[in-house]
Amino acid sequence: MPPLRQLSVALHAARRTQLLFSTARQHGRVSARHCSCSAPQQLQHTVIVSSEGPANVQLKSTTADPPTPPTDHRTLAQTHNLFITSPYSPGSPLILPNGAYVFQKLQSFLRAQYPQFGFQEVITPIIYKKSLWEKSGHWENYAEDMFSVQGRGTTAQLPEAEGEDGEFGLKPMNCPGHCLLFRDEIKSYRDLPIRYADFSALHRNEISGALTGLTRVRRFHQDDAHIFCRPDQILAEIEQTLKFVGMVYNTFGLGPYKLLLSTRPKDSFIGTIEEWDRAEEQLTTALNNIGSDWAINEGDGAFYGPKIDIILKDSNGKEHQTATIQLDFQLPQRFDLQYQASPEELESGSQTSMDAGLDPSLRRPVIVHRAIYGSIERFMALLIEHYAGKYPFWLSPRPAIILSLNSDPKVLDHVSHIQSVLSGSKAQDAPVATSSSGPKPLPLSTIHLPIDIDTSDRSLGKKIAEARVKKYNHIIVVGGREVESGGMNLQIVNQPNEEATVEVLEKAIGKQLSEKDMSKDAVNVGLGVARKYFETLANSFL
Ligand SMILES: [Zn+2]
């Protein structure tokens, strides 16, 4: 007999499914949990590979390193002081500075990639009036997973919101807000695709028994995005998104992962079979073009469109749904989204069942929901276990610590100066600030690094031992000799890709490190060289 907790989760899910299907039968058109916008969950079932899938469905390995032995992310997170939980906020962890550093690196990494993939970031509300959730279908089908919020009544701003008297819902997904943005102005076929990205906090009222660390939470953030495109743009958008996923997972050394195409459900779906066939054909072509192994999950698409899920194996061998790409023919209808058709569309008279009721000169866009990390919190948990404390420098909350050899004031001054320069808060040759000059703004391009110092009067051996336990990537030692030379003694102690790291260091110091240099473990480097070396590591995602 399964534990009660699992049973209640299953019952909860069954209830939702039942509700979805009974409503689908009655009305034909319903909204429900949008898979792409769901917090990805650890898969409880084995994925059955359809015989219609490609013959070879072996997982594509995307990393040279095999998964590390299993370790729970909650235990590992303690070593690096990443987050805490509190009975005052069940399911909503409190992220400590080190955790926030990793979280923001993940965010800023994607943010830096958005221009090359054409995404524009938007900022949308956390709470919306009940009437929005009624329009999107969430109030009907998702209410038990949502937090309701009581605000002051602002009725009569919308005719359909009359008498609501301040009833709001905390958003579990971003899609409805993005639909409001899309329909704010009349769109032409030339405007599409429009790609809105959003890192908003989302809330889902998960049952308390299911809450765990960063993996099952009530408050989380997604690297969420919605692409509004013409039907003829689906193929190109899916291909681009799959390339984006591959690029991101390669950067993190994550894998193996597999791609799973979920197709039209047997019974409940909107649109015509021909429209589904066309959409599935485009997804299939994109999957074939991308050259990765993939499989079909027959009939497992949502009723509103087919989807591609990316299933990642964690260090424990468990499978997680992380990235997802989901077509949606339904939400554009619910929100009456439209664009002025292209000359080709007008000529072919290509209105689909989605366009029913529209003026002949108009068409409805298709929405592609997509997330690459999925929930950033869950992705962080996966990374914590994947790296097992050995974070790459660019992502590490502890890239380096400077240890003083003694308590000589000159040594302590030098430690402080090195810390300022290596962390990026001060240029090496910056003039000493005077009371009249005041602080100057640092450029936005500055790479900031959380460089720690240990100037306690304990023995160097003890300080080094502690720094090793805390898994710093580098240990820097400073004594009288380093004060004179203006440099430091630097040692690489904890880097996943050590060979490439040493190459960067050699390039920075302008010479190959000899056997003798390496045997000494630490290398003498100048301050400017060390900063340049750190910047290169950060920019190379090492
Ligand atoms: Zn969505």
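Start by selecting H414, V415, I418, Q419, V421, L422 and S423: these residues of α12 are buried. Keep in mind as you click around that this is a predicted model.

Now widen the selection to the whole of α12, residues 409-423. The helix has 15 residues, and from its first C-alpha to its last it reaches 21 Å, close to the 21 Å expected at 1.5 Å a residue.

What do the buried residues of α12 pack against? Colour these in: the strands β18 (400-404), β19 (452-454), β20 (474-478) and β21 (487-492), plus the helices α14 (480-485) and α17 (527-539).

Next, the sheet. Show β19, β18, β20, β21 and β22, in that order, and you have an open sheet of five strands with mixed pairing. Which strands sit at the edges? They're β19 and β22 (522-526), each of which pairs on one side only. Look along the sheet and follow the twist, which averages 30° from one strand to the next.

Zoom in on β20 and β21. This pair runs antiparallel, joined by four bridges.

Last stop: bring back α17, one of the elements that the buried residues of α12 pack against. α17 lies across β21 and β22, and its direction makes an angle of about 105° with β22.

Technical notes
Residues numbered from 1 in each chain as written. Predicted model: local features only at pLDDT ≥ 70, side-chain atom pairs only at ≥ 80, totals over all residues. Helix = DSSP H or I, 4+ residues; strand = E, 2+ residues; numbered from the N terminus. Expected span 1.5 Å × (residues − 1). Buried ≥ 20, exposed ≤ 12 C-beta atoms within 10 Å, placed from the backbone. Contact = placed C-beta atoms within 7 Å. Pairing = 2+ DSSP bridges. Axes fitted to C-alpha atoms, helices over the stretch in contact; angles between N-to-C directions.
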